[in-house]
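Subject: Structure handover

Hello,

Please find the structure below.

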Amino acid sequence: MDLSSCKHLRFFGCHLNSMACKCVALFVIALVFRAALLSTFPGLGAVVQNGSVVTHKGSLSSNLELWTRKDKFLEVPQIVWGLNNQKIAFARACLTARMMNRTLLMPSLSASLFYKEIDLLQPISFDKVFQFERFNSLCDGFVRLGRYSDLLNRTQLFELQKGSGRKWTIERDLDQLREFSGEQYDAYEVIRIVGKNPFLWHDHWPVKDYARVFDCLVLVEEILKEADKVVSKIREMGRKVRSKAEFSQDTSNSKSLSSLPMPYVAVHLRIEKDWMIHCKKLEQRSNISQICSSKEEIMERVGNIVGLKTPMIVYLAVADSLLEDNSILNGWKEGLLPFEKKKLGVMGIYKKHSYLFQSAIDYEVCLRANIFVGNSFSTFSSLIALERTMKMNKMDITTSCGIDVTWPSYTYNILGESNGPQRWMTNMSDSSLRAISYGTENISC
């Protein structure tokens, strides 16, 4: 119908002149066009696509509204290196899938620790380390994991080559992700990213987004039970030491005090031969002198923690197979009682498991400690400090400066008050995970 003929029509009982009629007609056309868009693009409204429900969610990192589709998937390369490098790589893969409006197919992790001999890596399924259903429950509405059994095999797979090298900038990487998030690739049930390990992908997300993913990672019961045994052994040693000290001073309070959970300090002792080589090279390249710490410096600074009550058990989390210094139990300040796996009598618990499980047990033991002391250039230490900061934030604690707090963390490679280690809380407002992935000397409480 010609718009000029609208002057002969009546709208809600009123005659319209040609200009008003044209405006009304354009408004109606706009409504129809919007409705068509909503049924076509899932990012613009709540719809059901191909009989598959999509889940709406808002992004912490932008004002865009994103969707996790249950019928479209993203596949990533095997995730490698140390436990915490793998956790970061996994979170980055999750956030990539979220940006592309797809479900992440459950990736393979690596049970062994090899940096160059990729053919020697021992793949292990994600759900052998972390609880699959628990992850999806905790991260519901943010990111989603899928199984290969969820695939319908009705559509073609598309391989997406990740760029690399200096010319592959963060802007080019972001443009690529946006391009492959478009509707022109909806015909592919699976987009498979090929190329380098996700840990090495460009980082486009703030710390808070990563924290959301980390908060959903719960270790399988087998690992948690092993960690329970180690923590129980540490606290048992603490009770014995504390009871002996109380008996020599005042027997009237020994029973009541000994019944309480015994506190302990966990120190991530980074003095292994591979670490010392790495950190010295890093100091030279970055012109930073606060990365490497000697055994003597660590002992002195831990002993100078303000308010530390003694006697106190100090658990030393160290990669025993890479340790060349056998004197780590000697030289600690009076009242600090160091224990490593062998002295604690738990070496058998660790030896029966793969490297990845051993690292996960130690991570859990350090996470539960009353006080944690680590190195700010270690991803292991940095992720523990992050999780402990998250615990404090949930208790409405936003600073640990000059006050006694629950879940305190310290970094011994940076000098703090009273010649002790620097108090450490993660900057949750940071725009990327770089400080955690690669370390930083800019630590605050």
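**Cysteines and disulfides**

C94 is buried, with a relative accessible area of 1%. Buried stands for a relative accessible area under 20%, exposed for over 50%, and partly exposed for anything in between, using a 1.4 Å probe and protein chains only. This is a predicted model, so local features need pLDDT of at least 70 and side-chain atom pairs count only at pLDDT 80 or more, while totals for chains, interfaces and linings use all residues. Residues are numbered from 1 along each chain as its sequence is written, and side-chain values use heavy atoms, with hydrogens and water left out.

The cut-off for a disulfide is a pair of cysteine sulfur atoms within 2.5 Å. A disulfide is a covalent bond between the sulfur atoms of two cysteines. Another cysteine, C366, has 0% relative accessibility and therefore counts as buried.

How many disulfides does a search of the whole structure find? The search gives 3. With the bonded cysteines of the protein chain numbered in sequence order, they pair as 1-2, 3-4, 5-6.

Helices here are DSSP runs of H or I with at least four residues, strands are DSSP runs of E with at least two, and both are numbered from the N terminus. C139 is buried at a relative accessible area of 0%, and C216 is buried at 3%.

Another disulfide joins C279 to C292, with S to S 2.0 Å. The link of C279 and C292 has 120° about the S-S bond and is right-handed. This pair also links distant parts of the chain, 13 residues apart, with C279 in helix α8 (residues 273–286) and C292 in the loop between α8 and α9 (295–303). C279 is at 0% relative accessibility, so it counts as buried. C292 is buried too, with a relative accessible area of 13%.

A disulfide also joins C401 to C445, where S to S is 1.7 Å. The torsion about the S-S bond of C401 and C445 is about 95°, so this link is right-handed. C401 lies in the loop between α13 (379–394) and β16 (409–415) and C445 in the segment after α14 (434–438), so the pair ties together parts that are 44 residues apart in sequence. C401 is partly exposed, with a relative accessible area of 38%.

**A covered strand**

Is strand β13 (residues 312–317) mostly covered or uncovered? Strand β13 is mostly covered, with 6 of its 6 residues buried. In a regular strand the side chains alternate between the two faces of the sheet. In β13 both faces are covered: M312, V314 and L316 are buried on one side, and I313, Y315 and A317 are buried on the other.

Two strands count as paired if DSSP finds at least two bridges between them. β12 and β13 run parallel and are joined by 5 bridges. V265 has V314 in β13 as its bridge partner. β13 also pairs with strand β14 (residues 336–339) in the parallel sense, over 4 bridges, and there M312 stands opposite L336 of β14.

M262 is in the loop between α7 (254–258) and β12 (264–268). M262 is buried, with a relative accessible area of 3%. The C-alpha atoms of M262 and V241 are separated by 9.9 Å, and the two are 21 residues apart along the chain.

**Two packed helices**

Helix α2 (residues 83–99) packs against helix α12 (residues 355–368) at an angle of about 90°, with the axes 9 Å apart. Axes are lines fitted to C-alpha atoms, for helices over the stretch in contact, and angles run from 0 to 180 degrees between N-to-C directions. α2 and α12 are therefore roughly perpendicular to each other. Angles of 65 to 115 degrees count as roughly perpendicular, under 35 as roughly parallel, over 145 as roughly antiparallel, and the rest as oblique.

L83, N84, Q86 and K87 in α2 meet Y355, L356, S359, A360 and Y363 in α12, where contact means heavy atoms within 4.5 Å. By class, this contact of α2 with α12 has 5 nonpolar, 3 polar and 1 charged residues. Nonpolar covers Ala, Val, Leu, Ile, Met, Phe, Trp, Tyr, Cys and Pro, charged covers Asp, Glu, Lys and Arg, and the others, Gly among them, are polar.

Regards
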